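Here is a predicted model. Look it over, then follow the questions below.

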Amino acid sequence: MQTLDQYRGTIIACRYSLPSDLIHQNDLAALRGRVYDAVARVVRAQPLLQVGIVGENTKDPVFVRLDRLDLRKHVDWRSIDDSGDVESQYLALIQSQLDVRYTNLATQPGWRVVVLHKVEEEHLEILYVWNHVYNDGMSGKIFHEQLLRNLNREAIQGNEPQHTAEQGSNTWILDLPDSSATFPPNPESLSPWPISSGSLLKSLWRGLKPFSISPASETHATWAPIQAVPYGTRLHSVLVNRNTITKVVDACRQYHTTLTGLLHALMLLSLSSALEQAEGFESITPYDLRHFLPSNTPAYPWLRPKETMCNYLSVIGHVFDAELVAAVRSRLPREAAGAGLSADVMDLIWSVSARVRREIKARLDSGVKNDMIGTIKSVRDWRAQKEGEARKPRHMSWLVTNLGVLDGEASETRQGDHWSIRRAGLFLSAEVPSAAFSLSVMTVKGEQMCVSCSWQDVVVDDKLGKRLMGDLERWFGEIAS
């Protein structure tokens, strides 16, 4: 996806609350040093942050070990003057960073940290931005968890810096350990991933069948045709306050579903109303394979998947057929735009939500059996595979990825003056052949929930994206009331 320019970047952005001794102008050098040092410690602990990629335009690209890393090329510190508005610059920064391409991957790993700071403010924004070849979404969460831990440990223990500043320059050179022996293995190396012949054939046929003998079905997203250019991500996000999200989650439990299930159902409702030409829909839910992967195995005694940044994820699909979409539309008022949720509509929403939750649970209960990972070895050339996908009708109308709750308090420092995280958001760039809408959810424990949605410019009408997010924000309020 990187070399074909089908997907550019992922971001997890967190608002860090500062200790009081690092807030003022004369503390700036110490603040910068603290952040650089904490980033360096995460890099040294995570082998995938230490490697380049060679052969990226071939069917067999490989990671290569690097000896040193210049943190100046990976940490971008941006200061805001007294008149600058942090929030507006934060949103503009996320929008711009999503679509920045990665170059020189052979010598410069595909990730960066962007810090947005205003002197005398009690917080700063830290963005971890990366190429999906290196990490999945849960890896970004792990990055911030470990960064927070290191920020607080350095403050408490007075640890020696992990980086060195070259005399007379602004470069920060990090000598990298040889992590070859502890490089994270692929998930297929950690489990047999058994797959039945029926599941294998179904998966291969879905992915490899030529369009000429299998035209688009009623559930395909033909309303958003795949096109590679122009590439550009459009992004809209909303913050849901703590009180509202608590009530929404309580309602989900009452109706035997989850927030993820509810979001799928609300996406179905909004798009069924807005896209009259669409007969049905398909969507996907990415999920974390770390729940199934073993730790400290004889072959990999050092590996703890839940603490490791890499790509350990899979997806499950959901189908909303023409009959269901017709049932949704039959319960909507004639002027559906901006309408409230009637009892009839909510009954159907909770039913769909519960169904999606059951589908996800069934997939998770199956563990490694009949998972998509079991078919990966059948794909000999991923570049050709992705090129082929871009020539077919789009299957997915949306995806919902929920990274759950991040604990913004480091366990060692819950008392006294310390670093903490007060807000977090997951943001995805547009993915050319995948879902038309990418909906991402992330919450800080005891704080707000961030819901963001991205889509490809021109391919999806901005008015549709903004209407969708307006619906979600309004309906959250209704469900919580």
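Q: Why is Glu323 called exposed?
A: In this predicted model, Glu323 has a relative accessible area of 67%. Exposed means over 50%. The value of 67% passes that mark, so Glu323 is exposed.

Q: Where is Glu323 found?
A: Glu323 sits in helix H7, which covers residues 322-330.

Q: What makes the surface patch with Glu323 negative?
A: The patch gathers Glu218, Glu279, Asp321 and Glu323. Asp and Glu count as negative, so the patch is one of negative charge.

Q: How do you know whether Thr233 is buried or exposed?
A: Thr233 has a relative accessible area of 4%. Buried means under 20%. The value of 4% falls under that cut-off, so Thr233 is buried.

Q: Which strand holds Thr233, and what are its residues?
A: Thr233 belongs to strand S10, residues 233-240.

Q: How far apart are Thr233 and Glu145 in sequence and in space?
A: In sequence, Thr233 and Glu145 are 88 residues apart. In space, 27 Å separates them, C-alpha to C-alpha.

Q: How many helices and strands does the protein chain have?
A: The protein chain has 10 helices and 16 strands.

Q: Why is the protein chain called as compact as a globular protein of its length?
A: The radius of gyration of the protein chain is 23 Å. For 481 residues, the globule rule gives 23 Å. The two values are close, so the protein chain is as compact as a globular protein of that length.

Q: What share of the protein chain counts as buried?
A: Of its 481 residues, 52% count as buried.

Terms used:
Residues are numbered from 1 along each chain as its sequence is written. This is a predicted model: local features need pLDDT of at least 70, side-chain atom pairs count only at pLDDT 80 or more; totals for chains, interfaces and linings use all residues. Side-chain values use heavy atoms; hydrogens and water are left out. Patches are made of residues with over 30% relative accessible area and no salt bridge: like charges are joined within 9 Å, nonpolar side chains (Val, Leu, Ile, Met, Phe, Trp, Tyr) within 5 Å. Accessible areas come from the Shrake-Rupley method with a 1.4 Å probe; for residues, only the protein chains shown count as cover. A salt bridge is a side-chain nitrogen of Lys or Arg within 4 Å of a carboxyl oxygen of Asp or Glu. The place of a charge is taken as NZ of Lys, CZ of Arg, CG of Asp or CD of Glu. Helices (H or I, at least four residues) and strands (E, at least two) are DSSP runs, numbered from the N terminus. Buried means under 20% relative accessible area, exposed over 50%, partly exposed in between (1.4 Å probe, protein chains only). The radius of gyration is taken over C-alpha atoms; the globule rule is 2.2 Å times the number of residues to the power 0.38.
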